[in-house]
Amino acid sequence: MISLPPRWMLFAGVLATLALAVPPFVIARVRATPDSNRAVHLFFDMDFQPKFRPQSANPLFADGRAQRTAVAGTVARGEAGLDTHLSEGVVGGKWADTLPASMPVTRELLERGQGRFNIYCSACHGYGGYGDGTVNVRAMTLMSSSDGPANGTSWVQAKSLHDPIVRDHAVGMIFNVATNGIRTMSGYGAQIDVADRWAIAAYVKTLQLSQNASMQSVPPELRDRIKKEVK
Amino acid sequence: MSRFLFPRWSNLLLPTIILAATTIPVYALFFVAYGFSPKTLDVGYQPTQVVPYSHALHAGELGLDCRYCHISVEKAAHASVPATQTCMNCHTLIRPDSPKLAKVKESFTTGLPVQWTRIHKLPEYAYFNHSAHVSRGIGCVSCHGRIDKMEIVYQNSPLSMGWCIECHRNPDVNLRPTSEITNLAFDGTTELSVDERAVLKDKFHIKPSDDCSTCHR
């Protein structure tokens with residue numbers, strides 16, 4: 001018969017074995033739960049370097065930005081706005097009816113415009129341009145809250161791009177609205193490149209045409225197909 | 001005077017020591033590999049931001065495209081945090097008096113930036129380029145997870161070197177058409193066939209390198 005060690009020793013042995021099971025549980029828990037502290041760095045290597053990266057902070061400047069903003073009054077090359085057609089959508093004091101000469105209207109341009117429209121404009125104007133975007137819908141709900149507009153909300157229904165007045169706008173004016181905003185709409189000049197804003201303006205004109213087209217504007221060979229597919 | 005004799009149970013010591021000497025190194029190895037892995041240490045980092053901005057509301061419920069705010073992601077290495085003006089496009093009119101927006105309004109009046117806490121951070125000797133990935137079929141969700149379901153954003157992926165290389169060696173599973181780049185619900189492995197992904201790989205000329213200098217320079 002095997003003779004066993006004293007009880008306290010057996011007990012300590014079992015306890016030590018059980019203690020080994022604790023770390024895996026702790027680790028599994030750490031893995032499963034979010035933590036508001038960044039992981040402790042034991043070995044820094046060169047993970048953090050004395051250099052400034054985009055949008056990082058530099059305490060040497062009063063505003064704390066490492067990225068410096070342009071000095072007031074300076075103009076970057078190519079951004080003088082001398083070509084009013086390109087930068088403002090204005091030709092000879094009137095809204096331009098055409099895109100700038102540097103931007104021929106192609107399928108690629110319109111598809112680019114559609115993509116950009118869906119990113120930046122559809123939030124309020126909706127994918128179809130009827131002023132029924134998700135942001136607009138939510139804001140209108142806030143406006144009609146029974147306790148009055150929540151937290152000072154003062155939303156105005158987003159314009160339908162198929163409103164007869166908007167439909168008559170020249171492409172240059174639509175470009176200008178996208179750039180500088182109008183009434184309660186903010187300008188997107190800082191958010192969207194000039195070429196993309198023109199692509200959007202061209203797409204808006206296309207969208208307007210598509211939603212207000214007559215059978216006469218369809219090429220004769222495609223009319224049968226339209227009649228068959230569109231009810 | 002009686003002599004000291006080892007008790008009979010001390011015969012058990014030898015097998016016990018052998019057992020411990022073989023299992024404890026395995027256990028220690030497991031402990032380090034599992035416990036010190038970036039999947040344990042780095043994933044799930046969820047700092048409290050100065051503005052309680054909800055991606056679940058803006059990107060999820062309202063369906064705003066990621067690029068509405070992160071405008072530089074297709075053009076630059078860095079995916080920019082939006083300017084305060086971007087918030088104010090809507091929030092001059094929507095809930096302008098909400099206490100949650102106090103810091104945004106303060107930034108808008110003073111011109112000083114909102115001090116967001118950075119979550120996703122690579123070691124500074126690694127150079128990741130967002131535009132190179134986003135314009136060639138790697139969607140946001142591959143690294144950032146379902147941001148559109150996160151009330152407060154947390155780090156979804158380990159962002160470790162092994163994790164990067166895993167995809168560089170087998171990028172096909174993460175490819176998607178450029179039109180679905182910001183569609184976080186799109187899953188290329190179920191919605192695209194193997195052949196379709198091979199076509200994408202060809203189209204985008206994807207030959208990811210796993211040389212050191214690809215990311216470290």
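The model is predicted, so local features need pLDDT of at least 70 and side-chain atom pairs count only at pLDDT 80 or more, while totals for chains, interfaces and linings use all residues. Residues are numbered from 1 along each chain as its sequence is written, chains are lettered from A in the order in which they are written, and side-chain values use heavy atoms, with hydrogens and water left out.

**The interface**

Chain B brings 54 residues to the contact and chain A brings 53, where contact means heavy atoms within 4.5 Å. Together the two chains bury about 4,900 Å², with 55% of it on carbon and sulfur atoms; buried area is the accessible area (1.4 Å probe) that two parts lose on being put together, summed over both. On the chain B side, B:Trp9, B:Leu93 and B:Glu124 supply 15% of the area buried against chain A, more than any other three residues.

A salt bridge here is a side-chain nitrogen of Lys or Arg within 4 Å of a carboxyl oxygen of Asp or Glu. Here are two of them:

| Salt bridge | N to O distance |
|---|---|
| A:Arg116 and B:Glu74 | 2.8 Å |
| A:Arg225 and A:Glu229 | 3.1 Å |

A:Arg225 and A:Glu229 are separated by about one helical turn, because they lie four residues apart in helix 9 (residues 220-229) of chain A. Helices are DSSP runs (H or I, at least four residues), numbered from the N terminus.

**A nonpolar patch**

On the surface, A:Val40, A:Leu42, A:Phe43, B:Phe30, B:Phe31, B:Val32, B:Phe36 and B:Leu41 form a nonpolar patch with about 840 Å² of accessible area together. Patch members have over 30% relative accessible area and no salt bridge, and nonpolar side chains are joined within 5 Å; accessible areas come from the Shrake-Rupley method with a 1.4 Å probe. Helix 1 of chain B gives the most to this patch, three residues, and B:Val32 sits in that helix.

Methods. Patches are made of residues with over 30% relative accessible area and no salt bridge: like charges are joined within 9 Å, nonpolar side chains (Val, Leu, Ile, Met, Phe, Trp, Tyr) within 5 Å. Helices (H or I, at least four residues) and strands (E, at least two) are DSSP runs, numbered from the N terminus.
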